[in-house]
Amino acid sequence: MNLPDFVTDNALAAAAAVLRDAGAVVALTGAGVSAESGLPTFREAQTGLWARYRPEDLATPQAFQRNPRLVWEWYEWRRSLVARAEPNAAHLALARMERLAPRFTLVTQNVDGLHRLAGSTRIVELHGDIRTTICSVERTVVESWAETDRVPPPCPRCGAPLRPAVVWFGEALPEGALEEAFAAARECEVLLVVGTSLLVQPAASLVPTALAAGGQVIVVDVQRPALPRGDRIHVLLGPAATVVPALVERAWGAQTEA
Ligand code: BV8
């Protein structure tokens, strides 16, 4: 597998050895793991009519309160991109890793559902799921609603505006998910960080949590995220869909999966 220029064979071999010897592995993914599935990352400038908006300004309860139609239409646009997206080789390699590592937890900040489509099962979704719609008041899932020219459509039960089942900035993460993610990070020998700028909290704190517990951190990204240097931090610079499969291949070769 031809590696990107920035990933030396030694760096890959060292990271693969750490991964193969680990009893418990946690993977933390961000928008970068879905970039090669054609989904724009959060920090990339958005395209077309959304170019003039910053995601952080739209993904908030205040934005929804102020302009529910604009926020709903932004999510409809993103849902249309997600509906056309397929898992890429990085998603598939992470699903294979779940079957090869003795203990594995995938913690994702993404809301696109591509890890599940790739076959991962032990998934902690920190920021929800863009494909699911909830009532903005009752917070219960709404599977379908009557045709209407009202945007956002009203909840069929209480009439409140519908919204996507994602965690907005300023909203609490799902209790159970947060606890499960931090417990896994405290117990893992290796935290594999793929495609996240580590700018969003509290997800980004999983990295210092794993390091404080004595774990090793392997980072796969096209640029080095904000991280201290240290001998327990391995950085593999390159696109996830190339580097993650190479890492799994190097660690476990053609070993059949459990
Ligand atoms: C909360 C869903 C409290 C919506 C998202 C300290 C502690 C606690 C909170 C805070 C804190 N400091 C600040 C906060 C507030 C805030 C926050 O973090 N703000 C930031 C902007 C500073 N956090 C919150 O509000 C959180 N809530 O803490 O609540 C609370 C408690 C009790 C009661 C009430 C409140 C909620 C945060 C969740 C926000 N929702 N998503 C939606 O999607 O619309 S987060 C959103 O941004 C995404 O889901 C994603 O998780 C995140 C973007 O991060 P990344 O995934 O990393 O994406 P990004 O574009 O940044 O980076 C892409 C990376 O990929 C880059 O590194 C790039 O180089 C790389 N890349 C690109 N291409 C490739 C690649 N890598 C590999 N291969 C490639 N091909």
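This is a predicted model: local features need pLDDT of at least 70, side-chain atom pairs count only at pLDDT 80 or more; totals for chains, interfaces and linings use all residues.
I started with Thr-196: one of its polar side-chain atoms lies 2.7 Å from an oxygen atom of the ligand. Residues are numbered from 1 along each chain as its sequence is written, and side-chain values use heavy atoms, with hydrogens and water left out.

Next I checked Gln-223, where a polar side-chain atom sits 3.3 Å from a ligand oxygen atom. For Gln-109 I found a backbone N or O atom 3.0 Å from an oxygen atom of the ligand. The ligand has 1500 Å² of accessible area on its own (Shrake-Rupley method, 1.4 Å probe), and the protein covers 74% of that.

Then I looked at the shell around the ligand. I got 34 residues, with Arg-43, Tyr-75, Arg-78, Ser-197 and Asp-221 coming nearest; a residue counts if one of its heavy atoms lies within 4 Å. The shell divides into 18 nonpolar, eleven polar and five charged residues, with Gly counted as polar and Tyr and Cys as nonpolar.

Last, cysteines. I counted zero disulfides, taking a disulfide as a pair of cysteine sulfur atoms within 2.5 Å. Cys-155 is in none, and the nearest cysteine sulfur, that of Cys-135, is 3.8 Å away. I noted Cys-155 as buried (under 20% relative accessible area), at 4%. Cys-188 is buried too, with a relative accessible area of 4%.

How values were computed. A polar contact is a pair of N or O atoms within 3.5 Å; within protein, one must be able to donate a hydrogen and the other to accept it, and residues adjacent in sequence count only if both atoms are side-chain atoms. Buried means under 20% relative accessible area, exposed over 50%, partly exposed in between (1.4 Å probe, protein chains only).
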